[in-house]
Amino acid sequence: MDRLNLQPGHLWPEIIFLALVLLLFLASMVKSKKTAEALLKLCPLAALAAAFGAALTFYLKSELFFGTYRVDGLSQFFKILVCLGYLVTWFNSLTQKTVSETQKPDYYLFLTLSAFGLILLSSAAELVTIYLAMELASYSLYILIPARSRSKAAAEAGLKYIIFGAAATALALYGLSLIVASQNVTFVKALAGLDWSISGNPLAATGLCLFMGGMFFKLALFPFHFWCPDVYQGAGNETAAYVATLPKLGAVIVLIRLATLLSPETEISTILACLAAASITYGNLCALAQKDLKRMLGFSSVAHAGYILVGLVPGTAEGLAAAAFYAMAYILMNLLCFWVICRISADGRNLTYEDLNGLSARSPLLALTLAIAAFSLVGLPPTVGFIGKLWLITSAWDRGFDWLVIVVCVNTAIAIFYYLSLFRHCYTEETIPVGGAQSLALDTGAISQAGALLLGLLVVVLGVLPGPVWNVVLTASKSILP
Amino acid sequence: MDLFNLYPALTVLTFWPLAAALLLAPIKSDLLVRQTTLVISLIEVVLAIPLLGFKSQAGFQFLEVIPWVEGWGLTYALGVDGISILMIWLSILMLPLCVLCSWTYIGRRVKEFHVCLLLMTTACVGVFSALDLVLFYVFWEALLIPMYLMIAVWGGDQKRYASIKFFIYTLAGSTLLLVAIVALRLEGGTFFIPDLMSKTFSFRFQYWIFLAFFLAFAIKVPMFPFHTWLPAAHVQAPSAGSVILAAVLLKMGTYGFLRFSLPLTPAASAYFAPMMIAISVASILYGGAVALGQSDVKKLIAYSSVAHMGFVTLGIFLFSQAGVNGAIFQMLNHGVITGAMFMLVGAVYERSHSREIVKNLGLGKYLPHFMFFWGLFGLASFGFPGTNGFVGEFMVIMAAFQESLCLGLLVIPGALLAAAYILKVTLKMAWGQPASPQGRNWLDLKKKEWAYLVVPAFLVIYLGLAPTGLLNLITPSVKDALATFEAKKNLVNLIQVSSPTGRPQGLIIEEDLSPEAPSASERVPEEGK
C-alpha cells in the first residue's frame, strides 16, 4: 500500500485518454481547421482503444499510487461503459449543429476531459482521490452545458448546474473533513472495517451522509435533483445525452465503493432506502406531467437514480452487483433513447411527444429501438431493464426491505404511462402537427441505423442472456467487500 | 415417443411464430402478407401435431429444462400437463382463424397487424407452457405490447382510451406478481415451478402471496370489481384482437389460479375460497345482468364473458374434481364460443358498419347462414344441452350443488340470465324489423368466413356430444393437483380451529397455535371450507 507501484500496463485506458486530451488541447490552439478536424476524428478510435485496453486488464487486481488507485474488475467494467458512452456521445454530436464551429475543438476537449475524470473516478479508492477525479469530471461539464450556442435556456441550465454543483461539492468536502476528523483515514478499504453507526460514531456517520450527498447530486437523486430536468432541457441533445449517462455512472461507482462501508447495514442504509423510495416515486410522478422529451427523461433519471440506490441499500455482494448491472442497463437504455432523439432532431431542437408521431412509418428501425428503450426503462421483459430490476428487488427483499420492493414495483405502474406515451406516439398516433420536427429530414444513414440497432440489440440480448455480465459484476463486487 | 423426445415441441411452437414474423419483414404486398401469415399459422398447427401424443397421466410432459442464468437459479423450463394442454391447443388453433377473420377487416398497416398476431401467439403458448416463474412473467408481460398495439392502432373511435386503460390496468395488476415471484424465490430457493410446488410455506407467507397473485389474475380474468377494462377493450379492439382477448388472454388469469394459487398457496386458497366463490357468483350475476341491458353487440358479449369466466373461477375454488374439470373445460368452451361470436360480430360489422343491435336487425332474412352460426354459438353460449357450453357449465353447477344447496341456487339465475340475453339479442337480430332495408344488398357468408366459422362450430358440437376424450386427458392432472391440495390445505383448518380471539386470522403465524382452544367449534362452520 505504501509504494508508488506505477505499472503502465495496468493503465491503458487512462494513458490513452490522457494522450487524447493533450492532442485535443493542441487542436484547440491550431489555426488550421483541417488539422483540428483530423484530430477530432481520433476520438472514437481512442475510445475504442481505451475500451479494449480496459478489457485486456479486466482480470488484473492491483493497487497503484500508494493504494489510492485500484484496478479491478469493477473499475474496468465501468471504464468500458464510460468509453462506450463517450463513443455514442461523439457520434451524437456529429448530427447536432448546436455548437458553433469555432468552439468545436474546445467542446471535444472538455468532453474528453470529463470522460477522463470519470475513468479516474472508476478506479479511485481513496476519498481525496475520489473527490479530485469527480471535480475533474464536473468542471468540464460546467463548460459543456452552456455550449449550445445562442440559447438562453442553455445559459440558465449551465448557471443552475454550477450553483447547485458548487453547493453539493461544498457539502461533500465538509463531509470529507468530518470523516477524516473522526476516522483519521481516507482509504476506502481501511474505512470499511470501522464503526459507522450514528450512536457509535455520530461525526463519521454525518460525514459519510454529507459526502454521499455530493454523489447524490451527480446522480440527481431526490432531493438533490433540481438541476436535472432543467439541465437536460437547456443543454443540447448530445450534451444532455452525456450528462444523463456518464457522470451518473461515476457517482454510482463511488457509491458502490462507499456502500462497502455499510456492510453489515447501519442506520445509513435505512436513510438510503427512504431516499430511494422518495426518489423513485417523485421522479415518476413528475415525469407524468412532462411534454418535453428530454425533461421527461430528466425526471425519469431521478427515478432511476432511486432504483440504482435500491441495490446499495442491502450492502451485500448481490446488491452491489445488481446496482452495477442496473447502472449499465440505465446507461444503455438512455444512450439508446438519446441516440434516437438526436437522429430525429436534425437541427438540434428539443422534441416533444408530438414530434414522434408517425415515426414507425418514417423509420421503422428507430421507432422499434425507441420502443425497446422505453419498455426497458419501464422494466418490461425481455429487456436488460427488467432483469436489472429483478436483481435489485431480489437483493433488497433478501435483507428484509420488502416495503422498498413494493414501492419499486408499484412505481412500475405509474411509470408505464409516460414511457408508453413514447411508444404510443411512435406507433399509434398518425396525425402530424404542422411545423414539428417531422418537417426535418430524418437521419437514417448507415451510422444512425447501425448505432440504433447495436444499442437496441444490447438492451435485448443482455436482457435475455444476462448470465456472463452478471457473473462479472458479482465477482467484482465480492472482491471489493471486506 | 422417442422421436418426440428429440423434437423440442414446445420451444418450436413458442418461437416459430416469432421467427416467422421476421419472414414478413421484406414483403411489400398486403395480400402476400396475409397469405404468408396464413401459411405460417398452418405450419404452427402442423408443428403442434406431436402434442397429440400427450398421455393421459399426471405430471408434466414434453419437458425441456435448460439452465438459463445459473448464478441466479433461472431455468428455461417448458412443459405441459392436463391443465395447460387444452389452452395451448386453443392458442394455436386461434391463430389461423384470426388471420382469416382479419382478411378484409384489417385494411391498413397490414404487415404490422400480422406481426402483432404472431407475437401474441408466441406469448400465449409461452405463458401456458413456462415452468419457470420468471419465464412465465416474461411471456405474461410480453403479451401486453402486441395486444395494446392491436387495440390502439386498429381499434374503434375510443381506441386511445381503451388501449391505455387495458395496458395500465393489466400492468398494474402484475407488478405485485413480480414481488410475489421474488418472494417465492427467496423463500423457496428456486424459480422452477415443479420444485416450488413440493414445498410448504408458512400461512402468513401464503396469505400475502395469494393476494399478490389474486390481484394479477383477477384483473386478467377479469373478476367482478376488476372487470371494467374488459368491455372497453373488447368494444374497441378489431375482431381478431377481441378473439384473442376472449379466447386466450382471459384464460391466463384462471390458468394462473390453477397453476400457481392452488399448488403454491393451498392453505391461503382454502382460506380465501369463500371470498373467491362470492366474487365468482357476483361476476356471474352482475355480468349477466349488465349484458341484458346492452345495445352494443360486442359489449354484450364482453359482459357475458365476465359471467362465463365467473363460472370458471367458481369451479376452481370449489376444489372438487367435477368443479375443476368443469372449469378447465369451460375455459376451452368459452374460448371457442366467444371467439367465434366475436368473429361473427366482426363479419356483420363489415357489412353494416355498426355494432349496435338496432342497426343489425332482420338478419334472418338477409343473412340466413350468418344467423345459423350465430344461433348455434348463441345456444352454446348459454349452455344448451348438446353443445360444449352445456358440459362445462353443467359440471360447475353440479359441483356447486354438491358444495351447498344455497350456492347452487345462487348460480342458477346466472345460467338463466345467459339464456335471456342471448335469446333477446338473437331474436332481435333474426326477426327484428330494420328501419331501412339496407341489408338487402348484403352478401351472405363468403367462403373464407365459412372456413373460420366451421372449425369452432365443429368443436361446439363435437365437444358437446363427446367430451369424454378431452376430459380424460385433464382428469389425472386435476386429480393429482387436488390430492396435493387436500394434503396441504389443512394448515389453515388448524389455524381456524385455534383462533378464538377474533384477531384477523391472516396475520396469525402457526407458532402461536393452541389446538385445544375452547370455542373452536363455533368458528369453524362460519368460514365454510
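Trainee: Is the crossing of helix 15 of chain B and helix 21 of chain B left-handed or right-handed?

Mentor: Some ground rules before that: this is a predicted model, where local features need pLDDT of at least 70, side-chain atom pairs count only at pLDDT 80 or more, and totals for chains, interfaces and linings use all residues. Residues are numbered from 1 along each chain as its sequence is written, while chains are lettered from A and ligands numbered from 1 in the order in which they are written. A crossing is left-handed if the near helix is turned anticlockwise from the far one by less than a right angle, and right-handed if clockwise. For helix 15 of chain B and helix 21 of chain B, the crossing is right-handed.

Trainee: At what angle do the axes of helix 15 of chain B and helix 21 of chain B cross?

Mentor: Helices are DSSP runs (H or I, at least four residues; strands are E, at least two), numbered from the N terminus. Axes are lines fitted to C-alpha atoms, for helices over the stretch in contact, with angles from 0 to 180 degrees between N-to-C directions. Here helix 15 (residues 321–352) and helix 21 (residues 468–488) of chain B have axes that come within 10 Å, and they cross at roughly 130 degrees.

Trainee: And how does helix 4 of chain B lie relative to helix 15 of chain B?

Mentor: The axes of helix 4 (residues 82–101) of chain B and helix 15 of chain B come within 10 Å and cross at roughly 10 degrees. Angles under 35 degrees count as roughly parallel, over 145 as roughly antiparallel, 65 to 115 as roughly perpendicular and the rest as oblique. So helix 4 of chain B and helix 15 of chain B are roughly parallel.

Trainee: Which residues of helix 15 of chain B meet helix 4 of chain B?

Mentor: Contact means C-beta atoms, placed from the backbone, lie within 7 Å. Helix 4 of chain B brings residues including B:Ile83 and B:Leu86. From helix 15 of chain B come B:Ile328, B:Met331, B:Leu332, B:Gly335, B:Gly339, B:Met343 and B:Gly346.

Trainee: Which helix of chain A gives the most to the side that touches chain B?

Mentor: The contact takes 26 residues from chain A and 26 residues from chain B. Helix 16 (384–398), helix 17 (402–427) and helix 19 (467–480) of chain A each supply at least two residues of chain A's side. With 11 residues, the one that gives the most is helix 17 of chain A.

Trainee: What separates the centres of domain 1 and domain 2 of chain B?

Mentor: Domain bounds come from an automatic or database domain assignment, which gives domain 1 (2–488) and domain 2 (492–527) of chain B. Taken over C-alpha atoms, their centres are separated by 38 Å.

Conventions:
Two residues are in contact if their C-beta atoms, placed from the backbone, lie within 7 Å.
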